[in-house]
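Visitor: I would like to look through this model with you, one question at a time. Please start by showing it to me.

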Amino acid sequence: MKSKVDAIIQHAVEQVNNTLSKPHVLDFKKDVILFGENGIFDSIALVTLILNVEEELSNQLEIHFSLASEKAMSRRNSPFHSIETLSQYVMEMIQEGSAQC
């Protein structure tokens, strides 16, 4: 399941990155910083990424939940900081049963 979630997130990152006026060269062998200091996305691109990930989780895995929940926003460390933190957060939501399958 984690590999599928990772693939969905990476694909969504590529899609949003390609819409930027100056797309970044992405190296998925390393953890890509999405938002915050040294992040590749501004707040608008991050919102687009979140929506794309939610849509693809729904379409491909039939998992439905909001990534931008109060739970996510109240965390000390943002789940949107990097691809790895986002993937871990999605897996946590699935394991907790927060996602509706």
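Guide: Happy to! Contact here means heavy atoms within 4.5 Å, and helices (H or I, at least four residues) and strands (E, at least two) are DSSP runs numbered from the N terminus. This is a predicted model, where local features need pLDDT of at least 70, side-chain atom pairs count only at pLDDT 80 or more, and totals for chains, interfaces and linings use all residues. Residues are numbered from 1 along each chain as its sequence is written, and side-chain values use heavy atoms, with hydrogens and water left out.

Visitor: Which residues in helix 2 does helix 1 meet?

Guide: Helix 2 covers residues 43-61, while helix 1 runs over residues 2-17. From helix 1, the contact takes in Lys4, Val5, Ile8, Ile9, Ala12, Val13, Gln15 and Val16. Facing them in helix 2 are Ala45, Thr48, Leu49, Asn52, Val53, Glu56, Leu57, Gln60 and Leu61.

Visitor: How many residues of the contact of helix 1 with helix 2 are nonpolar?

Guide: Ala, Val, Leu, Ile, Met, Phe, Trp, Tyr, Cys and Pro count as nonpolar, Asp, Glu, Lys and Arg as charged, and the others, Gly among them, as polar. In the contact of helix 1 with helix 2, four residues are polar and two are charged. The nonpolar residues there number eleven.

Visitor: How do helix 1 and helix 2 lie relative to each other?

Guide: They pack at an angle of about 140 degrees with axes 9 Å apart, where axes are lines fitted to C-alpha atoms (for helices over the stretch in contact) and angles run from 0 to 180 degrees between N-to-C directions. Angles under 35 degrees count as roughly parallel, over 145 as roughly antiparallel, 65 to 115 as roughly perpendicular and the rest as oblique. Helix 1 and helix 2 are therefore oblique.

Visitor: Is the crossing of helix 1 and helix 4 left-handed or right-handed?

Guide: These helices pack at an angle of about 135 degrees, with their axes 10 Å apart. A crossing is left-handed if the near helix is turned anticlockwise from the far one by less than a right angle, and right-handed if clockwise. The crossing of helix 1 and helix 4 is right-handed.

Visitor: Which residues in helix 4 meet helix 1?

Guide: Helix 4 spans residues 83-96. Helix 1 brings Lys2, Val5, Asp6, Ile9, Gln10 and Val13 to this contact. From helix 4 come Ile83, Glu84, Leu86, Ser87, Val90, Met91 and Ile94.

Visitor: How many charged residues does the contact of helix 1 with helix 4 have?

Guide: By class, eight residues of the contact of helix 1 with helix 4 are nonpolar and two are polar. The charged ones number three.

Visitor: How far apart are the closest N and O atoms of Lys2 and Glu84?

Guide: A salt bridge is a side-chain nitrogen of Lys or Arg within 4 Å of a carboxyl oxygen of Asp or Glu, and by this rule the count comes to two. One of them joins Asp6 to Lys2, with the closest N and O atoms 3.1 Å apart, and both residues lie in helix 1, four residues apart, about one turn of the helix. In the salt bridge of Lys2 with Glu84, the closest N and O atoms are apart by 3.6 Å.

Visitor: How many residues apart in sequence are the parts that Lys2 and Glu84 tie together?

Guide: Lys2 lies in helix 1 and Glu84 in helix 4, so the pair links parts whose separation in sequence, in residues, is 82.

Salt bridges that share partners also join Lys2, Asp6 and Glu84 into one network, and the parts tied together by Lys2 and Glu84 have a separation, in residues, of 82.

Visitor: Is Val90 buried or exposed?

Guide: Val90 is found in helix 4 and touches Val5, Leu57, Phe65 and Leu67, not counting residues up to four places away in sequence. Buried means under 20% relative accessible area, exposed over 50%, partly exposed in between (1.4 Å probe, protein chains only). With a relative accessible area of 0%, Val90 is buried.

Visitor: Which residues is Ser82 in contact with, leaving aside its neighbours within four places in sequence?

Guide: Ser82 lies in the loop between helix 3 (70-73) and helix 4, and is buried at 1% relative accessible area. Beyond those neighbours, its contacts are Asp31, Val32, Ile33 and Leu34.

Visitor: What is the phi of Asn38?

Guide: Asn38 sits in the loop between helix 1 and helix 2 and counts as exposed at 67% relative accessibility. Most residues other than glycine have a negative phi. Although Asn38 is not a glycine, its phi is positive, at about 70 degrees.
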